[in-house]
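Please open the model in a viewer and keep the selection panel at hand.

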Amino acid sequence: MNDNDTILLDHGAGGKVSHAMFSELILPLFDNGLLAKQDDGAVFEVPAGRMAFSTDSYTVDPIFFPGGDIGELAVNGTVNDVAMCGAAPLYISVGLIIEEGMKVFDLKRILQSMAGAAKKAGVRIVTGDTKVVPRGKVDKIFINTSGIGLLPVGVNVSGNGARPGDKVIVSGTIADHGVTILSEREGLKFDSDVKSDSAPLNHMVKAVLESGHPVHVLRDPTRGGLGTTLNEIAVQSTVGIRLFENRLPVRGPVRGICELLGFDPLYLANEGKLIAIVPGTNANKVLDIIRQDEFGKDAVIIGEVTDQDPGRVVLETLIGGTRIVDMLTGEQLPRIC
Amino acid sequence: MSLTYNQEFKDPKISKALVARIREKSTRPLRLMEVCGTHTMAIFRYGIRSVLPDTITLLSGPGCPVCVTAQKDIDAYVMLARRSDVILTTFGDLMKVPGSGASLAAEKAKGADVRMVYSIFDALAIAKENPNREVVFCAVGFETTTPTIAGAVLTAKAQGVDNFSIYSANKLTPPALAALMETDGVEIDGFILPGHVSVITGLDAFAPTFEKYRIPSVVTGFEPVDILKAVLKLVEQNESNAPRLVNAYTRAVADAGNPKARVIMGQVFEKADALWRGIGTIPNSGMVLRESFYKFDAARKFDLSIPDTREPTGCDCGRILMGLKRPDQCRLYKKACTPMHPVGPCMVSSEGACAAFYKYSR
């Protein structure tokens with residue numbers, strides 16, 4: 001297949017053309033023995049124990065953006081979802097739904113990103129599916145990924161595990177991905193170097209869990225942002241969460257763009273950040289471990305878990321006032337003036 | 001220019017010192033109204049109500065442009081969206097406002113060509129790209145946005161973009177304040193006047209209302225230090241019984257405003273009576289296109305026979321906008337009316353009093 005070719009419905013019809021696309025384009029990029037067998041599914045050994053299994057679909061617009069693309073996002077997203085269960089992700093499946101007319105060059109870029117992301121995370125793409133649908137039936141490309149990982153013995157992290165006295169750690173600056181996508185999608189030209197934070201977090205999680213420090217909750221605050229994810233945890237754990245505005249890590253340009261458009265960075269998506277809720281006595285040590293990871297350098301403790309107002313997240317503002325941080329309702333829309 | 005140049009106006013030390021001075025000076029109950037929706041959001045977002053003494057009650061006024069857009073105008077936008085020959089362009093926060101039977105977001109989901117823009121000039125560009133379609137812009141806003149809209153209409157005329165038009169629901173702030181003061185039951189001891197609007201109007205536009213009603217009035221910005229400074233000035237004026245009209249936003253607002261912007265606005269628009277949602281008709285508070293720009297007036301260009309519209313039963317948005325009720329005193333609040341299912345515009349607009357109250361202070 002040449003880069004200048006376009007994807008035709010034939011590429012998804014299951015015949016020779018489909019087979020050629022798989023063997024010439026996909027297989028070399030995702031190269032591994034399990035996929036190369038080309039069976040209907042992958043067969044692999046697993047030791048006795050607990051597994052984590054997660055799936056997600058990616059429909060981001062635009063498909064290429066500063067800091068990444070839909071392919072990288074699809075791999076990292078599922079790697080992170082598995083990792084947030086406390087598991088080490090091992091195997092990924094990929095479902096591609098491609099719009100007729102897509103340039104092979106663009107598809108190749110996306111597949112290369114997926115291969116690169118899988119390599120970085122140390123996971124293998126072992127099974128998948130490709131469909132091509134008529135022009136207009138899908139927006140360029142949608143990708144579904146599922147992932148399987150193994151849980152180390154003794155690891156037990158869950159959204160219902162937060163306890164009063166715990167500290168809330170975030171692994172870096174928030175809202176970078178949300179602001180990047182918004183700026184690109186709406187064609188807003190900001191003179192800034194804002195880019196997506198898409199990244200695999202499984203190595204960071206592994207380091208934290210292997211340190212032996214107890215971890216109560218791990219979550220990656222993607223859509224809905226930090227505010228919505230913390231609300232979910234507060235409800236699941238029946239605890240209150242108190243945040244401190246002066247500790248929230250937001251990059252200057254991201255803050256500026258949010259102020260301009262009337263967006264709250266607490267509700268914008270992240271694709272390479274995690275929230276770790278850990279006992280107060282261990283918090284600084286866990287923070288140090290996270291900071292040693294290449295994607296955790298800006299990690300900070302942003303708040304604490306309390307027994308006040310169960311199910312609610314409260315923010316202590318810069319000026320010492322307090323306000324509720326509620327879940328995001330619908331999509332944030334830019335204000336009028 | 002750094003995007004965060006205004007950090008000093010968020011300074012916790014300065015803010016806390018201002019709060020301490022407000023507490024020290026304030027001896028009697030005062031009802032202060034922030035006129036502008038952006039102020040409302042900033043007040044809730046920074047938890048300003050939670051640090052003020054019990055003597056100070058902050059009321060949200062009629063300065064959220066989405067909130068005061070009449071249901072009839074929303075219905076007109078929906079009718080325009082339903083036309084197959086029209087591309088309707090709008091600012092984002094108008095998308096979800098319910099009209100009599102639908103919102104623009106709902107029409108878009110049904111297939112209407114409704115496009116969200118960040119500037120009216122984006123709408124003009126869409127018109128140039130689609131010469132065979134009619135492009136209509138939902139013109140909503142106060143003095144802050146009206147000059148840009150006027151500029152776009154002038155550009156359309158100069159460039160001969162005949163498939164472009166606006167449906168104006170633009171409004172003026174000072175007449176609303178005067179109308180407020182004439183309403184029975186309204187008790188206001190001070191106005192926190194809108195910073196963005198004042199950049200255009202200057203302080204002078206508020207002078208007649210101030211002279212007539214002698215209500216302490218302070219123009220200010222949108223950071224916590226700005227707002228607390230304004231509150232302190234209003235407390236001091238009330239305590240010393242010496243009302244003044246003060247510009248506390250001198251880094252952005254000249255007393256005379258922006259004359260050039262006002263000239264452009266006056267070239268394209270003229271004043272007319274306008275219907276304010278929940279409040280009623282306020283004389284000379286609206287901005288409609290002058291005769292020489294009629295061909296850019298969607299209300300004239302298209303046959304829009306809008307049936308009589310009725311505001312939702314039980315919705316207290318109007319009384320809330322006049323400071324007569326708190327959001328939680330509306331019988332629909334948190335029951336029939338939530339951000340998921342907004343009944344009134346104060347709940348749907350991101351700058352609406354009810355949305356802020358629901359989001360930040362339950």
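How many salt bridges does the rule find across the interface of domain 1 of chain B and domain 2 of chain B? The number is zero, where a salt bridge is a side-chain nitrogen of Lys or Arg within 4 Å of a carboxyl oxygen of Asp or Glu.

This is a predicted model, in which local features need pLDDT of at least 70 and side-chain atom pairs count only at pLDDT 80 or more, while totals for chains, interfaces and linings use all residues. Residues are numbered from 1 along each chain as its sequence is written, chains are lettered from A and ligands numbered from 1 in the order in which they are written, and side-chain values use heavy atoms, without hydrogens and water.

Select 7-65 + 173-247 of chain B as domain 1, then 66-172 + 257-301 as domain 2; such bounds come from an automatic or database domain assignment. Their C-alpha centres lie 30 Å apart.

Next, display the contacts (heavy atoms within 4.5 Å): 16 residues of domain 1 of chain B meet 22 residues of domain 2 of chain B. The area buried between these domains is about 1,400 Å², with 70% given by carbon and sulfur atoms; buried area is the accessible area (1.4 Å probe) that two parts lose on being put together, summed over both. Now pick Cys64(B), Pro65(B) and Ile200(B), which supply 44% of the area that domain 1 of chain B buries against domain 2 of chain B, more than any other three residues.

Finally, colour α10(B), a helix (DSSP H or I, at least four residues), which gives the most to the domain 1 side of chain B that touches domain 2 of chain B, with six residues.

Methods
Helices (H or I, at least four residues) and strands (E, at least two) are DSSP runs, numbered from the N terminus.
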